[in-house]
Amino acid sequence: MTATAEPAASQALDEVKIGGLGSSRPRVEDARFIRGRGNYVEDVTLPGMLHMEILRSPLAHARIKSIDTSAAWAVPGVKLVLTGEMAAQRNLAWMPTLSYDTQAVLATDKVRFQGQEVACVVAEDPYIAKDACDAIVVEYEPLPPIVNPEQALAPGAPLIRDDKAGQADNVAYSWEVGDKAGTDAAFARADVVSTLRLHYPRSHPSPIENCGAVADFNNATGKLTVYLTSQAPHIVRAAVALIAELPEHMIRIISPDVGGGFGNKVPVYPGYVCAILCSILTAKPVKWIEDNTGNLSSTGFGRDMYLDSEMALTRDGKILAVRYHATTDQGAFYADAQPTKFKIGLVHSSFACYDVPVGHITAQGMYTNKAPGGVAYRCSFRVTEAMFFQERMMQAAADDIGMDQAEFRRRNLVRDDQFPYRTPFGFLTDSGQYLTCLQVGLDAIGYDDFLVEQAEARKQGRLLGIGISTMTEPLGAGNSREYDILGIKMFDSAELRVHPTGKAVLKIGAQTQGQGHETTFAQIVTHELGIPALDIVVEHGDTDHTPFGMGTYASRSTPVAGAATAMVARKIRAKARKLAAHLLEVLEEDVEWELGRFFVRGAESRGVTIQECAMAAYSNMPDGMEPGLENNAYYDPPNLTWPFACYIATVEVDPETGVWDVLRFVAVDDCGVRINPMIVEGQIMGGLTEAYAMSNMQFQTYDTDGNLVGANYMDYLLPTAWETPGFELHEVVTPSPHHPIGAKGVGECAAVGGPAAYVNAVMNALRPTGVRNIDMPLLPDRVWHAAHTGDDVSGAPPFRTE
Amino acid sequence: MYPSRFRYEAPRTLDEALALLAEHGDEAKILAGGQSLVPMMKLRFAAPGVLVDINGLEGLGHHEETPGGGMRVGALCRHVDLEHSTVLPGAQPTMAAAAPLVADPIVRTRGTLVGSLCHADPQGDWASVMLALGGSVVATSARGRRTIPVGEFVVGTFQNALEYDEIAVEAVVPAAQGARSGSYLKLERRVGDFATAGVAVALESVGEEVVRAGIALTGVGPATIAATEAAQTLVGSRLDPDVVDRAADLAAAVARPRTDHRGTADYKRHVVATFVRRILTAERAPAGAAA
């Protein structure tokens, strides 16, 4: 496009036309998905394959007195009935978690949550396996269940983890960060202290494809191949090598197409271990496909965190300090998927976008008789809670000092000239234009006009509200100094091979679950080499054929694997330059690059294309040069990337029913350079939809007996197009100063920052009633109750059934 | 999601279907839309030995007016047929209001009104609508044919009055005693969610005076609830505000909701009263404006 304006006759290719940065090229994955030609684990069928089904505990907490499998063995077609006792003979009744705890694979002593794996059956078909599961007789001795942290801490509470030596209570971990003394001193100087208590309810990533595996142990070669729906196949290979004590070079993990992950498919689950063990024991391929209830009731959930917070303020709206205590409900096993050093993820990234001098966070995790996990559901390790807490505290504080919520943010946001900015909890934010984003959002929503409209409506008894959420978040772990999982540093990788005709294959250690890596990672190569995106195929998800990578979660693929891709492409370009010099018969120093082409400085018309260089790499390389055109790169990021977002919602609350509707939703996202704007917008809209679900309708809770409410899609609600509001998207671009192409993570911003915008809007509508907080989801009955009584609905564990 | 073993039969005639029921007794279950039965089978909450699929039967897909403002709805008439019906608007306002609120669009393309009545889920929308309208279910067996008022047809949670050898072939709405009005309101957290509470109101009026009224409640008790006293209050009235308030209170009083994750019992009762008031106030408004 710009080429036409240049006086010199540049022959650079039009980057957008060839599918480079900024091109909204259609997703290449979709061709097979919309034609029904995707290949998921369920589609994998191997000769002689058997089927596995898991028997789950109906009780939340009970001692296992006996397990009688004789009737199950008698069902025709049953090949194996596996219990914890049998797994224990192989030292596989328990396995380590990613948070240095242990988790039962199959229960031996007790069951510790409803839905826990107790036994499994392998049979000729899945119907028989299910029949035989139903025939297993387990005798339980019920124990009192614990369904929230308060009960876990109560004196005389039953000890859930009596399997762990030295574990005398139900505390899974304690952690703190920040400057306690400095924070206390700042609070002593405060004009106003704003407090807030709330509960971020348990939610579930609920990918449309449940977990599943086909384990195929070949007893002739000793090789184990596992088709597995995973976000991190290379970590799984390492974990399987460690857990199952199999040699790592004899393990191949293949993640075919993955039907959504959202953090749910990072961990190793008991079902995978069982499928592998069953394949070893039967010497047959064993397929296990989890059902919806299994997925919702036993695999990694998100959130379930309580906040007890204080903010110290001056009367004119300057934040002096923040401090809070966070309590997490971990379920029966501490199995968070998170960088090992951090016990409550990156919750201390809260307040990173505000100029807050000092802060202090304490945290404690509790064992309860609930499903284990605590995965980062579409977030960079607990930052969803961090940013929700932050933005709810911001709104409460603005109300407490009687200041307009936009003005309060304006007075405290980090200014453009303060970067890089050290946050009170030690992060270094890289860049941003926070005040600009806020203003774009306010202008888009028509902030001042809405306030007038709101005041008019109130006179007629109508409750309108406006809510703002501004936040930055740390995306793209590591660097390797601070971030590792089980000791493995959080870098990522790419391998690029350019074929003789200039077509290329890129192999990455990341793993798409719908993000469109096959589309966007090709665009990065196109940007660096000028090879049209259509000529590049992206491969991932097979540990035998892709480089080691830490996988895709926490919005780390573009920041880390994307950077590795840019770096490997630059290595290729460096070699191609030598080939170009050879072909052009000039010194390398005299060769210049423009997109898709090298040319001779001062004689622009003399040039060779990248494709000609590629052919030369195989057919006409200079003497002494190694043939071929391929390379790899391992990228260890110097810092996380810090996107910024401003989300603003307007709502109307029906005072008679408590039902609230979103009137408008404006999103301003600054995720740095956008590789494929269409995919970025899709990620934002998807995240805002999940944010809406969390704020409006979605939660998992447990009744007093430890029964899970929300173990199926009748009770656990996913929003549909019918109720999801429309979104108005805007952008600001601040390139990341340390990322090779200036990109930042974006996949999770909207799910992280979105919920507070909706909740703040409803709270703003209810402000005349004096209500300060309603816990999510803002169900109509909670809103009605709060509006009618003026009481908060806060922090109470929401277990209510009759 | 693997159901228990079952036998599948697809009879071509009603007589064949009836013979299968007679043969298999309580082992057999009729499959029409399957929108409740099939999920229950997948969860193994239901495990019928024989599934008798009646989708191949002729002459059950109808819905048509009968003289005097009545209605017949065949056992294979889908929710979507009623949603897009040209017959219902004007003639059957309560049914027309409910049709687009049943479940979600996917379920509506397969599910049937008669199947919904037979399922007898207290969350079912059509049972409330038909109860408010004073409707009935026509059941057929080898022994003959009988008509069962909806109030007697739904006998409890997931329990209907059919004998094992009977098929519900039709639902009927009787002729009206005046001009029909009314509506259906439902509070749900999401399209396709079970109702937090639902209210059906069916009125028949001569001039501005109500001559017959029916009110029924969805999802606020162990079965669909007829708010008979509330409805009776309206008869002979012109829906003046004090009458409307009394009806709303009486309807809320007969609701028997439970506190659960959809809301507290108090809240559900409040929603019932609010919905009764909203429907009746809206019905009165045009008449008031004309006067």
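In this predicted model, S555(A) has a relative accessibility of 11% and therefore counts as buried, the cut-off being under 20%. S555(A) sits in a loop of chain A, between β26 (536–539) and α15 (557–584). Phi of S555(A) is positive, near 50 degrees, although the residue is not a glycine. Most residues other than glycine have a negative phi, and most peptide bonds are trans.

D304(A) belongs to a strand, β15 (residues 302–313) of chain A. With a relative accessibility of 1%, D304(A) counts as buried because the limit is under 20%.

Cis peptide bonds come next. One joins F419(A) and P420(A), with omega at about -10 degrees. P420(A) is placed in the loop that runs between α11 (405–412) and β19 (421–422) of chain A. Another cis peptide bond links A477(A) to G478(A), and here omega is about 5 degrees. G478(A) also lies in a loop of chain A, between β21 (463–472) and β22 (484–485).

D492(A) was examined for its surroundings. This residue is part of strand β24 (residues 492–498) of chain A. Its relative accessibility is 0%, so D492(A) counts as buried. A polar atom of the D492(A) side chain lies 3.1 Å from the backbone nitrogen of M550(A). Beyond its neighbours within four places in sequence, D492(A) is in contact with several residues of chain A. Among them are G509(A) and A510(A), then G549(A), M550(A) and G551(A). The list also includes R556(A), V560(A), A561(A) and A564(A), as well as A633(A), Y634(A) and Y635(A).

Chain A as a whole was then described. Its secondary structure comprises 19 helices and 35 strands. The radius of gyration of chain A is 28 Å, close to the 28 Å that the globule rule gives for 802 residues, so chain A is as compact as a globular protein of that length. Along the principal axes, the C-alpha atoms of chain A fill a box of roughly 85 × 75 × 50 Å. Of its 802 residues, 63% count as buried. Contacts in chain A between residues at least 6 apart in sequence were also sorted by separation; 79% of them join residues at least 24 apart.

Chain B has twelve helices and 14 strands. Its radius of gyration is 19 Å, which agrees with the value near 19 Å for a compact globule of 291 residues. The C-alpha trace of chain B spans about 60 × 45 × 30 Å along its principal axes. Buried residues account for 55% of the 291 residues in chain B. Of the contacts in chain B with a separation of 6 or more, 63% are between residues 24 or more positions apart.

The two chains meet at an interface. Here 33 residues of chain A are in contact with 24 residues of chain B. The buried area is about 2,900 Å², and carbon and sulfur atoms give 59% of it. Five salt bridges are found across this interface. One of them pairs R44(B) with D131(A), whose closest N and O atoms are 2.8 Å apart. Eleven residue pairs are in polar contact between chain A and chain B. On the side of chain A that touches chain B, α4 (126–135), α9 (292–298) and α19 (780–789) each supply at least two residues. The largest share, five residues, comes from α4(A). By type, this side of chain A divides into 15 nonpolar, six polar and twelve charged residues.

Methods: Residues numbered from 1 in each chain as written. Chains lettered and ligands numbered in written order. Predicted model: local features only at pLDDT ≥ 70, side-chain atom pairs only at ≥ 80, totals over all residues. Heavy atoms only, no water. Contact = heavy atoms within 4.5 Å. Buried area = accessible area lost by both parts, 1.4 Å probe. Salt bridge = Lys/Arg side-chain N within 4 Å of Asp/Glu carboxyl O. Polar contact = N/O pair within 3.5 Å; in protein donor to acceptor, adjacent residues only side chain to side chain. Helix = DSSP H or I, 4+ residues; strand = E, 2+ residues; numbered from the N terminus. Nonpolar A, V, L, I, M, F, W, Y, C, P; charged D, E, K, R; others polar. Rg over C-alpha atoms; globule rule 2.2 N^0.38 Å. Buried < 20%, exposed > 50% of the residue type's maximum accessible area, 1.4 Å probe, protein only.
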